[in-house]
Structures are given as structure tokens and as C-alpha cells.
Amino acid sequence: MAMPKTPLLTTDCVLCDDQGRVLLIRRGNEPFKGAYALPGGFVNIGETVEAAYRREVLEEVGITVNELRLVGVYSDPGRDPRGHTVSVAYLARLPDAPNPKAGSDAEAAEWVKDWRVLSLAFDHAKIIANAEKMPKVR
């Protein structure tokens, strides 16, 4: 039996600190080159979504994360202009807010207090808003 054609699987990485800031990158590639976005990317074959989250955060902002909380699954067929993707978004709270170092396909990385005034790539504003509604757990 032939494998069905399905959406590509991605992960989006919400990282927050105790000051209410969100870690955002500036995209180095199209689509949305130069736009603010969450770190994230495609899940590799043989990789769990959680492992992909940790890998993408390390590659794009140079930060190691451990504990993750599921924010949601985002599957709108129009969320990515390259084609249908499904993103599994997680939240990691980093109380000490380590300094990010842009890498991989990120032009820059920075902690942002008022992300709502920015135009974010993809559906990342929705993902961050959903993450902010989650109860804080310590």
C-alpha cells in the first residue's frame, strides 16, 4: 500500500522568562525573511517532536531546554505559504533568561517584552497568546 500524502510535521518553541518576555528570532530565510518568529522547524524522520523542539532551540538560539509543556497543535492548511504543515507547539519557562545566540537559519534572537506590537510570521501570535493563558507551574 502506498503511503498517503500528508502535511509536514513541525514544532514551534515558546520560551518565556520570569519578566514576561518571549524569546523571538528574526528569520534568515523565506518565507517571512527578516520577520520575527518563534524558534522552530521541521521534525526529522526518526525524531520525536520533543527532541525536535530541543534541537531547534539549541540550533537557533543556543539554549538548552529540559521541561516542556504542550501548548497545542496548529493545523490550519494555510498557516505556512510553502504548503500544509502541522505544528506541535510547546512552552518552556526559563526563569534566568539566558542570553540567546542566533544560529542556524535565525538572523538574530532576542527577548521581547511587548511582542503584540510586532508582526509575527506564520500563526505565531496565536501560539504565544495561547501559551500565555497556560497556568504557571513551578
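**Entry 1. The loop with Pro-31**

I began with Pro-31, which is found in the loop between S2 and S3. The structure is a predicted model, in which local features need pLDDT of at least 70 and side-chain atom pairs count only at pLDDT 80 or more, while totals for chains, interfaces and linings use all residues. Residues are numbered from 1 along each chain as its sequence is written, and side-chain values use heavy atoms, with hydrogens and water left out.

I then looked at the peptide bond between Glu-30 and Pro-31, and I noted that it is cis, with omega about -5°. Most residues other than glycine have a negative phi, and most peptide bonds are trans.

**Entry 2. Positive phi values**

I looked up phi for Ser-104 and found a positive value near 55°, in a residue other than glycine. Ser-104 is in the loop between S6 and S7. With a relative accessibility of 55%, Ser-104 counts as exposed; the terms are buried for under 20% relative accessible area, exposed for over 50%, and partly exposed in between, with a 1.4 Å probe and protein chains only.

I also noted Phe-122, which is not a glycine and yet has a positive phi of about 55°. Its place is in the loop between S7 and H2.

**Entry 3. Aromatic pairs**

How many aromatic pairs does the rule give? I recorded two. The rule pairs rings of Phe, Tyr and Trp (its six-membered ring) if their centres lie within 6.5 Å; planes under 30 degrees apart count as stacked, over 60 as edge-to-face and the rest as tilted.

Phe-32 and Phe-122 form an edge-to-face pair, 4.8 Å centre to centre, with 70° between the planes. Phe-32 lies in the loop between strand S2 (22–27) and strand S3 (36–37), and Phe-122 in the loop between strand S7 (106–112) and helix H2 (124–132), so the pair ties together parts that are 90 residues apart in sequence. I found Phe-32 to be partly exposed at 33% relative accessible area, whereas Phe-122 is buried at 18%.

Tyr-53 and Tyr-90 form an edge-to-face pair as well, 5.9 Å centre to centre, with 85° between the planes. Tyr-53 lies in helix H1 and Tyr-90 in strand S6 (residues 85–93), so this pair ties together parts that are 37 residues apart in sequence. Tyr-53 is buried with a relative accessible area of 0%, and Tyr-90 is buried with 9%.

**Entry 4. Salt bridges**

Side chains of opposite charge can pair when their charged atoms come close. I counted a salt bridge where a side-chain nitrogen of Lys or Arg is within 4 Å of a carboxyl oxygen of Asp or Glu. By this rule the count comes to nine.

One of them joins Asp-17 and Arg-21, whose closest N and O atoms are 2.6 Å apart. Are these two residues buried or exposed? Both Asp-17 and Arg-21 are buried.

I next looked at Arg-55 and Glu-59, whose side chains meet in a salt bridge of 3.5 Å, N to O. Both lie in helix H1, four residues apart, about one turn of the helix. Glu-59 is partly exposed, with a relative accessible area of 36%.

Glu-132 forms a salt bridge with Arg-116, with the closest N and O atoms 2.4 Å apart. Glu-132 lies in helix H2 and Arg-116 in the loop between S7 and H2, so the pair ties together parts that are 16 residues apart in sequence. Glu-132 is partly exposed at 34% relative accessible area, while Arg-116 is exposed at 53%.

I also recorded one network, in which salt bridges that share partners join Glu-47, Arg-55, Glu-56 and Glu-59.

**Entry 5. A charge over a ring**

I found the charged end of Arg-26 over the ring of Tyr-36, 4.2 Å from its centre. The rule asks for NZ of Lys or CZ of Arg within 6 Å of the ring centre and within 35 degrees of the ring normal.

**Entry 6. A distance from Asn-44**

Finally, I looked up Asn-44, which lies in the loop between S4 and H1. Asn-44 counts as partly exposed at 41% relative accessibility. Its C-alpha atom is separated by 23 Å from that of Ala-109, 65 residues apart along the chain.

How values were computed:
Helices (H or I, at least four residues) and strands (E, at least two) are DSSP runs, numbered from the N terminus.
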